[in-house]
Amino acid sequence: MFIKKKPSWDKFNDSDITPESVYLQRRQLVKNLGLLGTGALLATPTKAGLWDLFNNDKSNVTFERSPLTFQKQSTYNKWIYGKQTPEVKAISHNNFYEFGTSKTDPIEQAQSLTVDPWQLRIEGEVQRPMILDYDALFRLFPLQERIYNFRCVEAWSMVLPWIGFSLAEILKKAEVTSKATHVAFETLYDPEQMPGQKNRFVGGGINYPYVEGLTLAEAMTDLTFLAVGLYGKTLPPQNGAPIRLVVPWKYGFKSIKSIVKIRVTDSQPFTSWNRLAPSEYGFYANVNPDVDHPRWSQATERRIGQGGLFSAKRIKTLPFNGYGDNVGALYKGLDLKVNF
Ligand SMILES: Nc1nc2c(c(=O)[nH]1)N[C@H]1C(S)=C(S)[C@@H](COP(=O)(O)O)O[C@H]1N2
Ligand SMILES: [Mo]
């Protein structure tokens, strides 16, 4: 299938993408300076740059990732600004509180996560509930690669090449009923495999399983993606294998990992971060430089993997993370300061 029309959110140039050789050279430089394997530092928005300098080692990665076949749609691989994040950063600087709250806990703790067998249930307000097994996740729809900007509420960001398909594809197949208003998502609950679920201190106080939600209109927008791969291969567990949500115009916490349930609902579902700290994390969580987090500004962000040795490059944050043309209409008439 050929994509004839370039989507308006598709603004990368191929020249923006860093060749692998360049970042491998950079890694060698950091290694020569003796900076590898120094260990994790506390990563707060202000310290993300320091973390970026010191942690560059993926020697503890053992999880095997399979190459994926996908449509090399160069039209999807474009973006407004910046280069693709080096893979080593994307798979070693993570938030996945089921494995601990520091940025390096996921890569260190998640390698033994069992992702096959897996079951993903689609249920609730649908005519055709489904249970998809591991293989179905890769077979159900043609896989596409989409390079998206990704911004965490902690004011760091990356540019990531996801592989997967639109959430809308699955929802169309399941035939959403006329009562549906929202879609709820749930991560695997397995305290034996996830130390953060076993121990409240390790898991950052979240009431597990991790849950998230979207309005039905948000869920049906083509931009809303279910990723099964990253950098041409299946997802590493620390990034949410075998399947995770990617909602590029919202703060990263909406992009729930390692999903076992998609439930179409007739009311707004609970979401983990909103339940934990409602004054800090709203249901919508649209990226918005004009609405600060109570404890820090959201006007700028640190682009992980770009900039000099001593700091990640700081860039301006865009409304809806740059995707306003695509999704702005979903929020017509809504006060985005109240509905943050
Ligand atoms: N189940 C689950 N999903 C999650 C999280 C989490 O702790 N648990 N963290 C979220 C946050 S805050 C961010 S920024 C992204 C990070 O995705 P990445 O590690 O692949 O960059 O995952 C999101 N999805
Ligand atoms: Mo985040």
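Which residue places a backbone N or O atom 2.8 Å from an oxygen atom of ligand 1? That residue is Tyr97, and the pair is a polar contact in the sense of two N or O atoms within 3.5 Å. The model is a predicted one, in which local features need pLDDT of at least 70 and side-chain atom pairs count only at pLDDT 80 or more, whereas totals for chains, interfaces and linings use all residues. Residues are numbered from 1 along each chain as its sequence is written, chains are lettered from A and ligands numbered from 1 in the order in which they are written, and side-chain values use heavy atoms, with hydrogens and water left out.

- The side chain of Thr187 has an N or O atom 2.9 Å from a nitrogen atom of ligand 1, while an N or O atom in the side chain of Lys257 is 2.7 Å from an oxygen atom of ligand 1.
- Taken alone, ligand 1 exposes 530 Å², and the protein buries 98% of that (Shrake-Rupley method, 1.4 Å probe).

**Salt bridges**

- The whole structure holds 14 salt bridges, each being a side-chain nitrogen of Lys or Arg within 4 Å of a carboxyl oxygen of Asp or Glu.
- Arg128 and Glu175 form one of them at 3.7 Å, N to O, and this pair links the loop between strand S1 and strand S2 with the loop between helix H6 and strand S5, 47 residues apart (helices of at least four residues, H or I, and strands of at least two, E, are DSSP runs numbered from the N terminus).
- Arg146 and Asp222 meet at 3.4 Å, N to O, joining strand S3 to the loop between helix H8 and strand S7, 76 residues apart.
- Glu301 and Arg151 meet at 3.1 Å, N to O; Glu301 lies in strand S11 and Arg151 in strand S3, so the pair ties together parts that are 150 residues apart in sequence.
- Salt bridges that share partners join Glu123, Glu186, Lys261 and Arg263 into one network.

**Exposure of the paired residues**

- Arg128 is partly exposed at a relative accessible area of 42%, and Glu175 is partly exposed at 36% (buried means under 20%, exposed over 50%, partly exposed in between, with a 1.4 Å probe and protein chains only).

Note on methods
A polar contact is a pair of N or O atoms within 3.5 Å; within protein, one must be able to donate a hydrogen and the other to accept it, and residues adjacent in sequence count only if both atoms are side-chain atoms.
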